[in-house]
Structures are given as C-alpha cells and as structure tokens.
Amino acid sequence: ICVLAALRSYVRPLASVVVAISMIYFLWLYAAAGQPAALRQIAIADLAGLPFLVIAAWLAFAPVRGG
C-alpha cells in the first residue's frame, strides 16, 4: 500500500492509517512480549518512524491547496 500511495495521492490517507495501525500494533506486541532482544532493532525503527508518519499523515489529510 505504501508503494501505491507513493504513486497515487488518493491512496495516501488510507495508507497512513494502515501503516500507523501496523507500527503501533507491532510496538504494543513487542512491549507485551517483554521486549525481546531479537526484535529490538525493528521496534527502534518503528519508534523512529512514527514522527515521520505523523507528518506524512498530516499532509495526506490536508486539503489540497492551489489550482
């Protein structure tokens, strides 16, 4: 869905929601599993990516300007 969203702007709002659910759910599972060391790098990458996802979602849901 991310590749499609990169090519088609109308998919971006849906993609941002799907990716947010995926990232947050993984972080929740990681915490619930006792933070296994084998998954630590993925959890760090998800945590680091969340601020960028917020910006992307903000832009995806922003009204179109100009034209």
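Start with the whole chain and its contacts. Among contacts (heavy atoms within 4.5 Å) between residues at least 6 apart in sequence, 38% join residues at least 24 apart.

This is a predicted model: local features need pLDDT of at least 70, side-chain atom pairs count only at pLDDT 80 or more, and totals for chains, interfaces and linings use all residues. Residues are numbered from 1 along each chain as its sequence is written, and side-chain values use heavy atoms, with hydrogens and water left out.

**Stop 1: the fold.** Switch to cartoon view. You will find three helices and zero strands. Along the sequence the pattern reads α-α-α. Helices (H or I, at least four residues) and strands (E, at least two) are DSSP runs, numbered from the N terminus.

**Stop 2: the outline.** Show the C-alpha atoms. They fill a box of roughly 50 × 20 × 15 Å along the principal axes. The radius of gyration is 14 Å, while a compact globule of 67 residues would have one near 11 Å. That radius is taken over C-alpha atoms, and the globule rule is 2.2 Å times the number of residues to the power 0.38.

**Stop 3: the surface.** Buried residues make up 22% of the 67 residues. Buried means under 20% relative accessible area, exposed over 50%, partly exposed in between (1.4 Å probe, protein chains only).

**Stop 4: the largest pocket.** Select Ser9, Arg12, Ala56, Leu59 and Ala60. Of the 13 lining residues, these lie nearest the pocket's centre. Helix H1 (2-7), helix H2 (12-32) and helix H3 (40-61) each give two or more residues to the lining. On a 1 Å grid over the protein atoms alone, a pocket is an open set of points where a 1.4 Å probe fits, with protein on both sides within 12 Å along at least five of seven lines; lining residues have an atom within 4 Å of a point.

**Stop 5: arginine 8.** Go to the loop between H1 and H2, where arginine 8 is found. Arginine 8 is partly exposed, at 45% relative accessible area.

**Stop 6: glutamine 35.** Move to the loop between H2 and H3, which holds glutamine 35. Its phi is near 55 degrees, a positive value in a residue other than glycine. Most residues other than glycine have a negative phi. Glutamine 35 counts as partly exposed, at 47% relative accessibility.
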